[in-house]
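Have a look at the structure first, then read on.

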Amino acid sequence: MLLDPLDDQLYMQRALDEARAAAAEGEAPVGAVIVSRGEIIAAAHNLRETLRDPTAHAEMIAITQAAESLGAWRLEGCTLYVTLEPCPMCAGAIVQARVPRVVYGAIDPKAGAAQSLYQLLTDERLNHRVDVTAGVLAEPCGEILREFFRARRVR
């Protein structure tokens, strides 16, 4: 399967749209989309505050949507695009859902579980490993987070 970096940027732009929606709702601006066969089958953003649910991360919601769309818990042939490096909870769900590829924007040095702090997605001890592409549109993905938290500190 040939990977087109322009496709990665296009889908990451869609994930950034979700992140902006999260920010508009007062949520941490993280967005995710899941693509299967060139079609977006799931699009979500953080909803932890809205749902009062610590598991309501963009990736978790998108995985649930994609599984429903496909009618299967195995998300084979899918790519997950997310604006921030997945945390340990989300990385675990990605492995459990058998997502073959994850593309993320900004690194998360405090909780990243794809490459920066932990490497759960590529850990050879697990039953499934994920192809990881990091840094796609990293600057705008990081800037939306920096601006959101900068504004919160000012308040």
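This is a predicted model: local features need pLDDT of at least 70, side-chain atom pairs count only at pLDDT 80 or more; totals for chains, interfaces and linings use all residues.

## Two arginines out in the open

Arg52 counts as exposed, since its relative accessibility is 74%. Arg52 sits in the loop that links α2 and α3, and its phi is positive, near 55°. Most residues other than glycine have a negative phi, so that is a detail to look at when you click through the backbone.

Arg37 is another arginine with a positive phi, near 55°. Is Arg37 buried or exposed? At 85% relative accessibility, Arg37 counts as exposed. There is also Arg98, which comes after α4 and has a positive phi near 60°.

## The overall build

Stepping back, the protein has five helices and five strands. Read from the N terminus, the order of the elements is α-β-β-α-α-β-α-β-β-α.

How does the overall size work out? For 155 residues, a compact globule would have a radius of gyration near 15 Å, and the protein comes in at 14 Å, so the two agree. The C-alpha trace spans about 45 × 30 × 30 Å along its principal axes. Of the 155 residues, 46% count as buried. Take the contacts between residues at least 6 apart in sequence: 57% of them join residues at least 24 apart.

## What the UniProt record says

The unreviewed UniProt entry lists residues 6-133 as "domain: CMP/dCMP-type deaminase". In the model, that span is 35% helix and 23% strand, and its end C-alpha atoms lie 13 Å apart.

The unreviewed entry also lists Glu59 under "active site". You'll find Glu59 in helix α3 (residues 58-70). Glu59 counts as buried because its relative accessible area is 3%, and the cut-off for buried is under 20%. Which residues does Glu59 touch, leaving out those up to four places away in sequence? The list is Val30, Ala32, Leu80, Val82, Leu84, Pro86, Cys87 and Cys90.

## The largest pocket

The largest pocket holds about 590 Å³ of space. It is lined by 26 residues, and those closest to its centre are Val30, Leu84, Asp108, Leu145 and Phe149. Two elements give two or more residues to this lining: α2 (48-51) and α5 (138-154). Helix α5 provides the largest share, with six residues.

## Helix α4 and its cover

The buried residues of α4 are Cys90, Ala91, Ala93, Ile94 and Val95. The cover over these buried residues includes α3, β3 (78-84) and β4.

Not counting residues up to four places away in sequence, Ala93 touches Met60 and Ile63. Ala93 and Asp108 are 15 residues apart in sequence, and their C-alpha atoms are 17 Å apart in space.

## A buried glycine in a loop

Gly112 belongs to the loop between β4 (101-106) and β5 (131-134). Is Gly112 buried or exposed? Gly112 counts as buried, because its relative accessibility is 0%.

Which residues is Gly112 in contact with, once neighbours within four places in sequence are left aside? Those are Glu85, Pro86, Leu117 and Tyr118. Gly112 and Cys87 are 25 residues apart along the chain, yet their C-alpha atoms are separated by 4.9 Å.

Technical notes
Residues are numbered from 1 along each chain as its sequence is written. Side-chain values use heavy atoms; hydrogens and water are left out. On a 1 Å grid over the protein atoms alone, a cavity is a set of points where a 1.4 Å probe fits but cannot get out, and a pocket is an open set with protein on both sides within 12 Å along at least five of seven lines; lining residues have an atom within 4 Å of a point. Grid points are joined across faces, edges and corners, and a volume is the space filled by probe spheres set on the points. Helices (H or I, at least four residues) and strands (E, at least two) are DSSP runs, numbered from the N terminus. UniProt positions are given in the numbering used here, feature names are shortened, and annotations may be inferred rather than shown by experiment. Buried means under 20% relative accessible area, exposed over 50%, partly exposed in between (1.4 Å probe, protein chains only). Contact means heavy atoms within 4.5 Å. The radius of gyration is taken over C-alpha atoms; the globule rule is 2.2 Å times the number of residues to the power 0.38.
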